[in-house]
Structure formats: C-alpha cells, structure tokens
Amino acid sequence: MEDKRVIKVFLDEEDVPFAEFSPPVKFVLDTTKIPDGKHNLKIIAKSSNGVEGIKNIPFEVRNGPAIVVVGLEENEVIDDQIPITINAYGSETKDEFVITGSETPKAIPAWVWALLILFAAFGLFYLIMYWGPQLYKSFV
C-alpha cells in the first residue's frame, strides 16, 4: 500500500509551499533568509486517507540588531522637547564580548525605590523603639 501522507510547509501567505515532506520530518528553518518582522508558518498535513489538518504558528524574526529606545513609548502623547536615547546591539561579533554600548541605560524602577524607603523606615522605627538603656536591664 502506498503511503499518501504528506506535510506541506508554507511561509506567510504564499500559495506554493517552500517545503514538502513525508512524515515524520525534522528540518532547519533558516531565518537568515527571511526578513525581520512578524511572519506565519502554516503547516498542512494530509493523512493516508486524504484528511487534511492545518496548523498556523505565528513567529517573529529578528536577525538584525536589537533596537531599544528610552524616552519615548509607542503611541505616547508628547509635547515640547524630549530627550531620547537609542541603542542598537546584536550578536555580530562572535569571538569577543563588547562592553561599550551593550547595555541600555535605564532608570531605577519605582518599586525598588519604594522597597528601599520601606526598609529604611523599618530600620528607623526599630532603632527608635529599642534604643535606650532601660530595655537592657540585667536580671542578676
């Protein structure tokens, strides 16, 4: 009996599959040939009795450098002059680690400040409540 099972793999909204296999299959998706951005991998599998199943897998390719912008959020309403910091870093150097420019400066989050203030306030409270010789009497 002939095996009629087949798996067709499509990228985005293409009409022609970029790969066709007999199951089971392992293959390598080379994202360096796909432009950066959002894409969709559509897999159509046909069973031996002709029934089709479809699976869509959305994914995002980012082979280029990561771009981080500090000072401007998406759809933010702004006025006057605003300082903006832009950093782009990627994995273009495989043999060495570049420290300069590999981190984006960010402000300390508000929850860290709140936690620090709470810790200092508790320490001050403890110091005020239990500072004094009357609390350290000897029982002898």
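The chain exposes about 12600 Å², and carbon and sulfur atoms supply 61% of that area. The model is a predicted one. Of the 140 residues of the chain, 12% count as buried.

**Overall fold**

- Read from the N terminus, the elements follow the order β-β-β-β-β-β-α.
- Among contacts between residues at least 6 apart in sequence, 33% join residues at least 24 apart.

**The largest nonpolar core**

- Seven residues make up the largest nonpolar core: I7, V9, L11, A19, I34, L41 and V61.
- Strand β1, which covers residues 6-11, contributes three residues, the largest share of this core.
- In soluble globular proteins, nonpolar side chains tend to be buried together.
- L11, one of the core residues, touches F18, I34, H39, N40, L41 and F59, leaving aside residues up to four places away in sequence.

**A nonpolar patch on the surface**

- Nonpolar residues are also found on the surface, where I67, V69, L72, I78, I82, I84 and I86 form a patch.
- Together, the residues of this patch have about 590 Å² of accessible area.
- L72, one of the patch residues, lies in the loop between β5 (66-70) and β6 (85-89).
- L72 has a relative accessible area of 33% and is therefore partly exposed, since this class lies between 20% and 50%.

**The histidine H39**

- H39 belongs to strand β3.
- Is H39 buried or exposed? Its relative accessible area is 10%, so H39 is buried, the cut-off for this class being under 20%.
- The side chain of H39 makes a polar contact with the side chain of D12 at 2.8 Å.
- The side chain of H39 also reaches the backbone oxygen of P35, at 2.6 Å.
- Leaving aside residues up to four places away in sequence, H39 touches L11, D12, I34, I57, P58, F59 and V61.

**Salt bridges**

- How many salt bridges does the structure hold? The structure holds three salt bridges.
- K33 and D30 form one of them, with the closest N and O atoms 3.0 Å apart.
- K33 is exposed, at a relative accessible area of 69%, whereas D30 is partly exposed, at 35%.
- The side chains of K38 and E60 meet in another salt bridge, at 3.6 Å from N to O.
- This pair links distant parts of the chain, for K38 lies in strand β3 and E60 in strand β4, 22 residues apart.
- K38 is exposed, with a relative accessible area of 70%, and E60 also counts as exposed, at 55% relative accessibility.
- A further salt bridge joins E52 and K46, whose closest N and O atoms are 4.0 Å apart.
- E52 is partly exposed, with a relative accessible area of 48%, and K46 counts as partly exposed at 33% relative accessibility.

**The loop residue S47**

- Where is S47 found? S47 is in the loop between β3 (37-46) and β4 (52-61).
- The relative accessible area of S47 is 26%, so this residue is partly exposed.
- The side chain of S47 makes a polar contact with the side chain of N49, at 2.4 Å.
- S47 also touches K4 and R5, leaving aside residues up to four places away in sequence.
- The C-alpha atoms of S47 and V6 are separated by 7.0 Å, although the two residues are 41 residues apart along the chain.

Notes: Residues numbered from 1 in each chain as written. Predicted model: local features only at pLDDT ≥ 70, side-chain atom pairs only at ≥ 80, totals over all residues. Heavy atoms only, no water. Helix = DSSP H or I, 4+ residues; strand = E, 2+ residues; numbered from the N terminus. Buried < 20%, exposed > 50% of the residue type's maximum accessible area, 1.4 Å probe, protein only. Contact = heavy atoms within 4.5 Å. Polar contact = N/O pair within 3.5 Å; in protein donor to acceptor, adjacent residues only side chain to side chain. Areas by Shrake-Rupley, 256 points an atom, 1.4 Å probe, with all protein chains shown as cover. Patch = residues over 30% accessible without salt bridge, like charges linked within 9 Å, V, L, I, M, F, W, Y side chains within 5 Å. Core = buried A, V, L, I, M, F, W, Y, C linked by side-chain atoms within 4.5 Å.
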